[in-house]
Amino acid sequence: MSFATAARDIEQRLKDNWATTVIDINPDVRFKPPADDAWVKLRVFNESSTRINIGTPGVHRNNGSIAIEIYTPLGEGTRRGLGYGDTLAALFRDVQFNGLTFREANVEPVGEFEQWWQTTLFCTFYWDGRY
C-alpha cells in the first residue's frame with residue numbers, strides 16, 4: 001500500500017462517519033470555513049518505515065499519524081471541541097480497516113486561532129507492506 005492510498009482511505013473513513021461539521025480535507029483546494037460554526041481539518045502524516053522481517057520480499061512497517069484539528073467559535077468555551085474530539089477519537093482509536101491499524105488517540109486543547117478555539121485529536125497508525 002502506498003501512503004497516498006492510506007491517506008485516501010483515512011479521508012474516506014472520516015467522510016463516511018462524520019457529518020456533524022464541514023470538513024477541510026483536501027490540501028490542494030482552498031477551504032473557506034463557515035463564518036460562525038464549528039469545522040474540522042484532517043491532516044495525515046507519513047512518518048517512518050522499518051523493515052520487520054528477514055528474507056525476501058522485505059516486509060516494512062510504515063508508521064503515520066493523523067491530526068484532526070477541531071475549530072469552534074471563540075466564546076463557546078472548550079466543551080464542544082473536546083466532545084467532538086472524543087467522538088472523532090472513537091472513529092480511529094484501536095481500529096483496523098483496509099490494512100491500516102490505528103493505536104491510541106489523544107484529544108488536546110490547543111488554544112486560540114484567529115476567531116476559533118482549536119482542539120486537536122492525534123492518533124498514530126501503521127500498515128505493513130512488502131517491497
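A: Let's start with the rule for a salt bridge: a side-chain nitrogen of Lys or Arg lies within 4 Å of a carboxyl oxygen of Asp or Glu. Keep in mind that this is a predicted model, where local features need pLDDT of at least 70, side-chain atom pairs count only at pLDDT 80 or more, and totals for chains, interfaces and linings use all residues. Residues are numbered from 1 along each chain as its sequence is written, and side-chain values use heavy atoms, with hydrogens and water left out.

Q: Which residues are linked in a network of salt bridges?
A: The general idea first: side chains of opposite charge can pair when their charged atoms come close. Here, the network joins Asp-37, Glu-76 and Arg-80. Within it, Arg-80 and Asp-37 meet through their side chains at 2.7 Å, N to O. Arg-80 belongs to helix 2 (residues 79-92) and Asp-37 to the loop between strand 1 and strand 2, so this pair ties together parts that are 43 residues apart in sequence. For those elements, helices (H or I, at least four residues) and strands (E, at least two) are DSSP runs, numbered from the N terminus.

Q: Are Arg-80 and Asp-37 buried, partly exposed or exposed?
A: Go by relative accessible area: buried is under 20%, exposed is over 50%, and partly exposed is in between (1.4 Å probe, protein chains only). Arg-80 comes out partly exposed at 25%, and Asp-37 is partly exposed too, at 35%.

Q: How many salt bridges does the rule give?
A: The count is seven. Among them is Lys-41 with Asp-24, at 2.8 Å from N to O. Lys-41 sits in strand 2 (residues 39-51) and Asp-24 in strand 1 (residues 22-24), so the pair ties together parts that are 17 residues apart in sequence. Lys-41 is buried at 17%, and Asp-24 is buried at 8%.

Q: What does Arg-43 form a salt bridge with?
A: Its partner is Glu-69, with the closest N and O atoms 2.7 Å apart. This one links distant parts of the chain, with Arg-43 in strand 2 and Glu-69 in strand 3, 26 residues apart. Arg-43 is partly exposed at 34%, while Glu-69 is buried at 10%.

Q: On to rings. How many aromatic pairs are there in the whole structure?
A: Rings of Phe, Tyr and Trp (its six-membered ring) pair if their centres lie within 6.5 Å; planes under 30 degrees apart are stacked, over 60 edge-to-face, and the rest tilted. The search turns up nine pairs. Take Tyr-71 and Phe-113: their ring centres are 5.6 Å apart and their planes are at 50°, so the pair is tilted. Tyr-71 is in strand 3 (residues 59-73) and Phe-113 in strand 5 (residues 100-113), so they tie together parts that are 42 residues apart in sequence. Tyr-71 is buried at 4%, whereas Phe-113 is partly exposed at 35%.

Q: Are the rings of Phe-125 and Trp-127 stacked or tilted?
A: Their planes are at 20° and their centres 6.1 Å apart, so they're stacked. Phe-125 is buried at 0%, and Trp-127 is buried at 2%.

Q: Which residues do ring pairs link into a cluster?
A: Phe-31, Trp-39, Tyr-71, Phe-113 and Trp-116.

Q: And where does the charged end of Arg-13 sit?
A: A charge counts as over a ring if NZ of Lys or CZ of Arg is within 6 Å of the ring centre and within 35 degrees of the ring normal. In this model, Arg-13 has its charged end over the ring of Phe-92, 6.0 Å from the centre.
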